[in-house]
Amino acid sequence: MTQWSGYLGLILQGALVTIELTLMGSVLALIMAFLAGMGRLSRFFIVRSLATVYIEFFRGTSIFVQLFWAYFVLPFAGLSLTPFQAGVLALGLNVGAYAAEVVRGAILSVGREQYEACTALNLGRWQGMRHVILPQALLVMLPTFGNNAIELLKATSVVSLISLADLTFQAQVVRSQTGSTLMPFVSVLVIYFALALIISSGVRTLERRMARGLDGVRV
């Protein structure tokens, strides 16, 4: 029993690394999503082009290859990253590319009358975007952002390929030391599911609160 409790401790340590990767990767993904998503709507061709290249590149290439580039290839360019930093970078840039299209689509989904009202109120482009358009678009973005966060959570398992001791890596360690496949991978399955439920519940709670406060934003 003591032996198995020790192995469970290893898996929980891996779960902590997975949670840290998910949180930090999600922060980077959100930043990139808004930069690239709004960049696609820019009036400037160069900004639109850069945003499009980023989105299409990271959506069109494998997360495995992106991770290996971040960890194994960037050092040749003088940028050495720890396994954790490489994981956050690859996950954040990859998921951010998908979320960028969510941002763009949500902004475009806001009714034309809202843009016209901003003009009638003499609000500048960024004033209207900040105070009127984005708050309404955020409510549209949230459900898909929740899905993106869960996808990022599940994608953290790829960092085990660069020997980062995440949840999946530790489960493999326990399996190799005990010869048991059932215990470690049932534990991992339950933990991933529990973390996904937490993300879903948090997003739904935030969505309800934003919906209640949205009436004061529409003009």
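In which helix is Val65 found? Val65 sits in helix H3, residues 63–73; helices are DSSP runs of H or I, at least four residues, numbered from the N terminus. This is a predicted model: local features need pLDDT of at least 70, side-chain atom pairs pLDDT 80 or more, while totals for chains, interfaces and linings use all residues. Residues are numbered from 1 along each chain, and side-chain values use heavy atoms, without hydrogens and water.

**Surface patch**
- Phe64, Val65, Phe68, Trp69, Phe72 and Leu161 make a nonpolar surface patch of about 590 Å² (residues over 30% relative accessible area and without a salt bridge, nonpolar side chains joined within 5 Å; 1.4 Å probe; salt bridge: Lys or Arg side-chain nitrogen within 4 Å of an Asp or Glu carboxyl oxygen).
- Val65 is partly exposed because its relative accessible area is 44% (buried is under 20%, exposed over 50%, partly exposed in between).

**Nonpolar cores**
- The largest nonpolar core has 18 residues; Leu21, Leu91 and Val159 touch the most other members (buried nonpolar residues, from Ala, Val, Leu, Ile, Met, Phe, Trp, Tyr and Cys, joined through side-chain atoms within 4.5 Å).
- H1 (2–39), H3, H4 (83–109) and H6 (125–155) each supply at least two residues of this core.
- H4 gives the largest share, 5 residues.
- Another core, of 17 residues, lies apart from it and includes Leu153, Leu167, Tyr192 and Leu195.

**Gln170**
- Gln170 lies in helix H7, residues 167–178.
- Gln170 counts as buried because its relative accessibility is 8%.
- The Gln170 side chain reaches the backbone oxygen of Leu10 at 3.5 Å.

How values were computed: Patch = residues over 30% accessible without salt bridge, like charges linked within 9 Å, V, L, I, M, F, W, Y side chains within 5 Å. Buried < 20%, exposed > 50% of the residue type's maximum accessible area, 1.4 Å probe, protein only. Polar contact = N/O pair within 3.5 Å; in protein donor to acceptor, adjacent residues only side chain to side chain.
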